[in-house]
Amino acid sequence: MNRKEEILRLLEEGYTTAKELARYFNVSLMTIYRDLKELEEEGRIIRRHGSVELKREEDLKGEGCVLCGKEIDNRLAFTYILKGGKKVHTCCPHCGLLAFPTLEKERIEMIFSRDFIYCNPINALSAFYVVGGDVSPCCLPPAFVFADKGIAERFAKGFGGEILSFEEAVKRMQDLMKKSQRVNFSP
Ligand SMILES: [Zn+2]
Ligand SMILES: [Zn+2]
């Protein structure tokens, strides 16, 4: 087992600081910091306030949206998985759709979000989007993700908004943001 794997095992057992780890391996703090930095970049641990934690797949608490910085709620999260395993999380489909043009397409391995009604993870590329409308659980203008077109239609009938494909929703969200900026910042 290499040292990085061993570190993950020790964190599982309850080790929380670089100091403890350095003592365990009998190596310098610098060496441990280097390992931790790599593990952090690989998205396997979280470092905060001087302590180290394993990163749990479902635990996005404390992570901010790459776009707006808002704390991420698992239920609404919209996630890009990049080649090499790095994940880019946004707080909701609104930010998720806006993040798309900022990422290099070739680097995106997968995009997933959760069905707004059923909460099961779904492939964001083949989902149906309701963009706009009267209700917003997170950012404005809102966007909602559905696996089923019929449910998206019923949702839009009740709360408004347009039903779009992923590509259409990306474009629509950009247009809507341009419009709202023109209103806010025009002299
Ligand atoms: Zn956001
Ligand atoms: Zn949001």
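**Domains, paired zinc sites and sheets in the predicted model**

An automatic or database domain assignment divides the chain into domain 1 (3–54) and domain 2 (78–185). The structure described here is a predicted model, in which the centres of domain 1 and domain 2, taken over C-alpha atoms, are separated by 36 Å.

Two zinc ions, ligand 1 and ligand 2, are placed 3.8 Å apart in the model, and C91 coordinates both of them. The zinc ion (ligand 1) is held by the SG atoms of C65, C68, C91 and C95, at distances of 2.2 to 2.3 Å. Along the chain, the donors of the zinc ion (ligand 1) follow the spacing C-x2-C-x22-C-x3-C. The angles among the four donor atoms of this ion run from 105 to 113 degrees, and the site of the zinc ion (ligand 1) is tetrahedral. For reference, the ideal angle for four tetrahedral donors at a metal is 109.5 degrees.

The zinc ion (ligand 2) is coordinated through the SG atoms of C91, C92, C138 and C139, at 2.2 to 2.4 Å. The site of the zinc ion (ligand 2) is also tetrahedral, with angles of 106 to 115 degrees among its four donor atoms, and its donors follow the spacing C-C-x45-C-C along the chain. Since C92 belongs to the loop between β4 (87–90) and α4 (93–99), whereas C138 belongs to the loop between β7 (128–131) and β8 (143–146), this pair ties together parts that are 46 residues apart in sequence. The two cysteines fall into separate accessibility classes: C92 is buried, at 4% relative accessibility, while C138 is partly exposed, at 22%.

An open sheet of four strands has the order β4-β3-β5-β6, and its pairing is antiparallel. The edges of this sheet are formed by β4 and β6, each of which pairs on one side only, and the twist from one strand to the next averages 25 degrees. Within the sheet, strand β3 (residues 78–82) and strand β5 (residues 108–114) are paired in the antiparallel sense over four bridges. In this pairing, Y80 stands opposite I111 in β5, and I81 stands opposite M110 in β5. Strand β5 is also paired with strand β6 (residues 121–123), again in the antiparallel sense, over three bridges, with R114 opposite P121 in β6. Strands β5 and β6 form a hairpin with six residues between them, and C119 in the turn has a positive phi of about 70 degrees.

A further open sheet is formed by three strands in the order β8-β7-β9, with antiparallel pairing. Its edge strands are β8 and β9 (162–164), each pairing on one side only, and neighbouring strands of this sheet are turned by 25 degrees against each other on average, direction ignored. Strands β7 and β9 run antiparallel and are joined by three bridges, and the bridge partner of V130 in β9 is I163. Helix α5 (residues 149–159) lies across β7, β8 and β9, and runs at about 10 degrees to β7.

The loop between β7 and β8, in which C138 lies, also contains G132. With a relative accessible area of 13%, G132 is buried, because this value is under the 20% limit. When residues up to four places away in sequence are not counted, G132 touches P142, F144, G160 and G161. The C-alpha atoms of G132 and H94 are separated by 9.6 Å, although these residues are 38 residues apart along the chain.

Conventions:
Residues are numbered from 1 along each chain as its sequence is written. Chains are lettered from A and ligands numbered from 1 in the order in which they are written. This is a predicted model: local features need pLDDT of at least 70, side-chain atom pairs count only at pLDDT 80 or more; totals for chains, interfaces and linings use all residues. Side-chain values use heavy atoms; hydrogens and water are left out. Donors are N, O and S atoms within 2.8 Å of the metal (3.2 Å for Na, K and Ca); water is not among the atoms, so sites may look incomplete. Four donors count as tetrahedral if all angles lie between 85 and 135 degrees; four count as square planar and six as octahedral if opposite donors are over 155 degrees apart and all others between 65 and 115; anything else is irregular. Helices (H or I, at least four residues) and strands (E, at least two) are DSSP runs, numbered from the N terminus. Buried means under 20% relative accessible area, exposed over 50%, partly exposed in between (1.4 Å probe, protein chains only). Two strands pair if DSSP finds at least two bridges between them. Contact means heavy atoms within 4.5 Å. Axes are lines fitted to C-alpha atoms, for helices over the stretch in contact, and angles run from 0 to 180 degrees between N-to-C directions.
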